[in-house]
Amino acid sequence: MPPEWAPHEATWLAWPHNPEAWHSQLNAVQDVWLEIARVLSLGEKVRLLIYNRESEKEVYQRLRTAGAAMDRVSLVQIPTVDIWIRDYGPTFVTRESGANRVAANRWVFNAWGEKYEAWLKDDSVASQVAEFLKVPLFESGLVLEGGSIEVNGRGACLSTEQCLLNPNRNPDRTHGEIEQSLLDHLGITHLIWLGHGVSGDDTDGHIDNLARFVNPTTVICAVEKDSKDENYTALQENYERLQGATDQDGEKIEVVPIPLPGPVKEDGIRLPASYANFYIANGSVLVPVYDHPNDSRALGILGSLFPDRKIVGIPCTALVYGLGAIHCMTQQEPAAPSVP
């Protein structure tokens with residue numbers, strides 16, 4: 001699996017259409033989605049899943065009005081329940097030679113531990129995307145969401161015990177069997193396990209809200225300085241684990257702390273808002289912001305780590321109402337390695 005900063009052939013998104021998922025936030029979420037699609041289209045192809053032909057004209061027109069580069073946009077009719085294609089979509093892998101240099105993994109999507117029955121329908125999306133692209137599809141048989149894994153492209157992978165070792169995912173597999181499946185399907189050699197995720201995260205601690213590789217040897221890690229905050233203990237433990245971690249070659253990893261945006265709540269319930277849920281695109285990094293003083297700090301930290309990419313803040317308060325943000329709603333399709 002290539003790292004996210006490797007060249008993309010395209011980014012995949014799924015149009016938000018389901019009022020059951022978004023209620024009063026649907027219009028606001030569509031506006032945020034359109035802005036994300038617009039920014040992405042300036043630097044790469046964008047492949048957009050639409051629910052049906054009736055929605056195609058609306059989405060196309062709204063993208064044009066939003067200023068998207070329409071020559072880089074394609075609409076693909078694959079029905080979805082929700083927008084979280086990172087979790088139910090395919091995870092792409094590459095190889096340096098051969099007729100097929102890009103392939104896809106299909107994980108089993110069980111709606112984040114069988115929490116939402118209607119969302120189980122999105123389990124079919126990965127295979128449909130692979131069929132559309134005419135790329136080989138590997139069936140892992142492992143219950144896993146794409147937001148629960150993070151690779152550096154050199155052989156190391158980050159994940160959390162709370163998610164991948166949770167009995168609501170793979171109760172019949174041992175820790176060792178889960179690790180071996182990841183090694184087999186991602187082409188990695190080394191796993192770095194963190195503990196628990198942020199409060200309000202219904203994914204059981206996805207890594208893309210906690211810690212992300214920004215280059216092969218550096219990880220940003222979400223931290224909370226307020227010892228009275230409910231996230232303090234879990235994030236401090238993750239930070240300490242990373243400080244003691246090594247990469248696939250046994251070398252120490254550089255760990256860069258990044259703050260949280262403070263409590264973001266809906267009806268008094270804490271939502272899983274995190275700056276770690278950014279997306280690395282061709283030429284840019286899209287970062288969730290929440291109208292909080294820490295927004296500028298987070299943008300500055302990421303700007304220093306990605307000097308060759310434009311840092312774009314995207315207001316994500318409406319998105320996190322659905323318990324996700326930018327990384328959760330995107331999936332990179334890597335460019336095929338050039339023939340030697």
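**A helix crossing and its surroundings**

Modeller: H2 and H3 cross in a right-handed manner; a crossing is right-handed if the near helix is turned clockwise from the far one by less than a right angle, and left-handed if anticlockwise. This is a predicted model, in which local features need pLDDT of at least 70 and side-chain atom pairs count only at pLDDT 80 or more, while totals for chains, interfaces and linings use all residues. Residues are numbered from 1 along each chain as its sequence is written, and side-chain values use heavy atoms, with hydrogens and water left out.

Two packed helices are described by the angle between their axes and the distance between the axes. For H2 and helix H3 (residues 53–66) the angle is about 65° and the axes are 10 Å apart. Axes here are lines fitted to C-alpha atoms, for helices over the stretch in contact, and angles run from 0 to 180 degrees between N-to-C directions. H2 and H3 are therefore roughly perpendicular, the term for 65 to 115 degrees; under 35 counts as roughly parallel, over 145 as roughly antiparallel and the rest as oblique. Helices (H or I, at least four residues) and strands (E, at least two) are DSSP runs, numbered from the N terminus.

On the H2 side, the contact is made by Gln30, Asp31, Trp33, Leu34, Ala37 and Arg38. H3 contributes Val59, Arg62, Leu63 and Ala66. Contact means heavy atoms within 4.5 Å.

Trp33 also has an aromatic partner. Nine aromatic pairs are found in the whole structure; rings of Phe, Tyr and Trp (its six-membered ring) pair if their centres lie within 6.5 Å, and planes under 30 degrees apart are stacked, over 60 edge-to-face and the rest tilted. With ring centres 4.8 Å apart and planes at 80°, Trp15 and Trp33 are an edge-to-face pair. Trp15 lies in the loop between strand E1 (8–14) and helix H1 (19–22) and Trp33 in helix H2 (residues 26–41), so the pair ties together parts 18 residues apart in sequence. Trp15 and Trp33 are both buried, meaning under 20% relative accessible area, with exposed over 50% and partly exposed in between (1.4 Å probe, protein chains only).

Another edge-to-face pair is Trp112 and Tyr116, at 5.9 Å centre to centre with 75° between the planes. Here Trp112 is buried at 4% relative accessibility, whereas Tyr116 is partly exposed at 28%. Both belong to one aromatic cluster, along with Tyr88, Phe109 and Trp119.

Ala281, in strand E15 (residues 279–281), is buried, with a relative accessible area of 1%. Not counting residues up to four places away in sequence, Ala281 touches His8, Leu40, Glu44, Leu286 and Arg309.

Pro79 sits in the loop between strand E3 (73–77) and helix H4 (85–88). At 41% relative accessibility, Pro79 is partly exposed. Leaving aside neighbours within four places in sequence, Pro79 is in contact with Ile50, Tyr51, Asp122, Val125 and Gln128. Pro79 and Val125 are 46 residues apart in sequence, with 7.9 Å between their C-alpha atoms.

Two loop residues have positive phi without being glycine. Lys134, with phi of about 60°, is in the loop between helix H6 (125–133) and strand E6 (137–143) and is exposed at 70% relative accessibility. Asp291, with phi near 55°, is in the loop between strand E16 (284–289) and helix H10 (294–305) and is exposed, at 78%.
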